[in-house]
Amino acid sequence: MNTPKIRVGVIGAGNVGSAFVELLSDESRHVALVDAAMATLEVVAVAVRDPKKLRPGIAPNLLSSDALALANREDIDVLVELSGGVDPARTYVEAALSRGVSVVTANKALMAECGTELAELANKNGADLFYEAAVGGGIPILRSLRTSLAGERIERVMGIVNGTTNFILSKMTSEGSDYAVALAEAQALGYAEADPSADVDAFDAAAKVQILSSLAFGTELRGEQIAREGITGVRAIDVDFARRNGYVIKLVGVAERVGEYGLSRRAHPAMIPLEHPLASVHGAMNAVFVEGTKSGPLMWLGQGAGGEPTATAVLGDVLYVARNRVSGRHDVPFSVDDRLVSVEAGDIRSVFYISLDVMDEPGVLASVASVFGSHGVSIQSMEQSGVGDEARLSFLTHEALTKNVRATIAALANLAAVDSIGACIRVIDKGAP
Ligand SMILES: NC(=O)c1ccc[n+]([C@@H]2O[C@H](COP(=O)([O-])OP(=O)(O)OC[C@H]3O[C@@H](n4cnc5c(N)ncnc54)[C@H](OP(=O)(O)O)[C@@H]3O)[C@@H](O)[C@H]2O)c1
């Protein structure tokens with residue numbers, strides 16, 4: 001019997017694209033790949049911005065700069081989009097899907113912005129749309145949610161899904177460094193961009209939360225803004241407070257049920273108890289922690305970025321597309337649950353860590369405590385430190401409504417005895433799963 005051939009067009013040969021072409025062309029893996037794909041895979045074209053640049057492992061005659069022409073080629077079965085960004089990547093993906101050509105992408109920004117629309121286009125035209133590498137790089141979390149956990153009622157997905165911020169916060173924790181020092185080191189080592197905003201302001205983590213949520217709960221991907229707080233305000237003294245109290249500060253992305261049909265999605269720093277599995281995820285590693293009603297807690301851990309780890313996830317998707325093509329079928333990318341209602345971050349209950357720089361004089365503690373009390377926020381513990389200009393009060397609250405805590409902070413900022421609000425960070429309760 002003749003082995004069918006699946007022709008692959010690739011847009012982008014940067015970190016991920018070049019590693020992907022190399023993996024797919026690895027002679028030592030040929031038999032295993034043919035087995036997995038039920039077909040022979042061949043890269044027939046690669047589009048890049050600069051086709052004159054030498055690209056080891058890619059034959060120069062495959063290179064062009066016209067990505068749209070590549071997406072429209074009659075002879076490709078799969079388009080692999082690894083150029084990044086929403087536009088013009090969206091145009092290329094739409095061109096392929098509207099002709100029934102399956103698409104594999106690693107592009108979280110594109111999926112978070114218009115994943116629902118692209119999924120509908122894929123489904124209408126009998127094509128696959130896979131994007132495993134868009135969350136957690138080489139960690140196979142998306143297909144696990146879509147297939148192995150398809151029958152499970154998921155209560156919460158919580159992940160460390162941004163390696164740059166995890167590297168920065170890990171440095172601050174292990175070396176006691178300030179945010180600016182840890183960021184500079186991340187930049188020098190290539191873990192952070194010159195403009196780090198996408199990572200440190202949590203845009204990247206928020207896009208990934210949306211993608212995880214669409215698969216875990218059935219929310220749509222239409223570029224909705226979700227609650228987002230970055231790590232730029234986290235100070236060495238906050239990291240130290242966390243350590244002394246049995247916590248570590250991480251940037252987490254969370255999607256969780258609130259009641260039967262409520263859903264909260266958000267990305268923010270949080271103090272995680274040292275005994276929680278996510279607390280031991282260090283450096284640039286990523287992890288996703290899932291709580292299912294029947295499965296209990298589950299966790300995936302691995303390289304959230306890097307050309308080769310990410311390319312393994314892309315290749316896995318391409319093999320899946322090939323098998324579907326050979327069998328004459330396609331997958332529905334995700335299903336939408338219309339009953340879900342978005343719950344505002346202010347309506348979520350949490351324990352909080354609050355740190356205030358205060359005047360060093362009698363009566364300050366009493367006036368601060370009365371502001372907490374008048375907003376219905378009760379104090380679990382308090383620490384007084386420093387003298388003179390360095391005087392500081394640090395609190396752990398009991399569980400309270402986020403909007404009440406925000407109102408407390410606003411009132412404290414107006415109190416004459418409070419010089420400035422140093423920090424207000426959510427705390428994952430030690431009793432929580
Ligand atoms: N890097 C990671 O660790 C990682 C992890 C997970 C997901 N991802 C995602 O994977 C995708 C690729 O990331 P990357 O790190 O490989 O990016 P990259 O190194 O910047 O590579 C981008 C590639 O796309 C090409 N390109 C850009 N715009 C193009 C256009 N309009 N037409 C044709 N080619 C174009 C570039 O061409 P030139 O080479 O000529 O400039 C380059 O080869 C992104 O969506 C990213 O979010 C990356």
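**Helix packing and domain contact in a predicted model**

Helices H13 and H14 are roughly antiparallel to each other, the term used for angles over 145 degrees. The model is a predicted one, in which local features need pLDDT of at least 70, side-chain atom pairs count only at pLDDT 80 or more, and totals for chains, interfaces and linings use all residues. Residues are numbered from 1 along each chain as its sequence is written.

H13 spans residues 364-374 and H14 residues 402-413. Helices (H or I, at least four residues) and strands (E, at least two) are DSSP runs, numbered from the N terminus. The two helices pack at an angle of about 150°, and their axes lie 9 Å apart. Axes are lines fitted to C-alpha atoms, for helices over the stretch in contact; angles run from 0 to 180 degrees between N-to-C directions. H13 contributes Val368, Val371 and Phe372 to the contact, and H14 contributes Thr408, Ala411 and Leu412. Contact requires C-beta atoms, placed from the backbone, within 7 Å. By class, five of these residues are nonpolar, one is polar and none is charged.

The protein chain is assigned domain 1 (5-138 + 307-327), domain 2 (151-303) and domain 3 (346-427). These bounds come from an automatic or database domain assignment. The centres of domain 2 and domain 3, taken over C-alpha atoms, are 24 Å apart. Domain 2 supplies twelve residues to their contact and domain 3 supplies nine. On the domain 2 side, helix H11 (236-244), strand E9 (247-258) and strand E10 (262-273) each give two or more residues. E10 gives the most, with five residues.

Note on methods
Contact = placed C-beta atoms within 7 Å. Parallel < 35°, antiparallel > 145°, perpendicular 65-115°, else oblique. Nonpolar A, V, L, I, M, F, W, Y, C, P; charged D, E, K, R; others polar.
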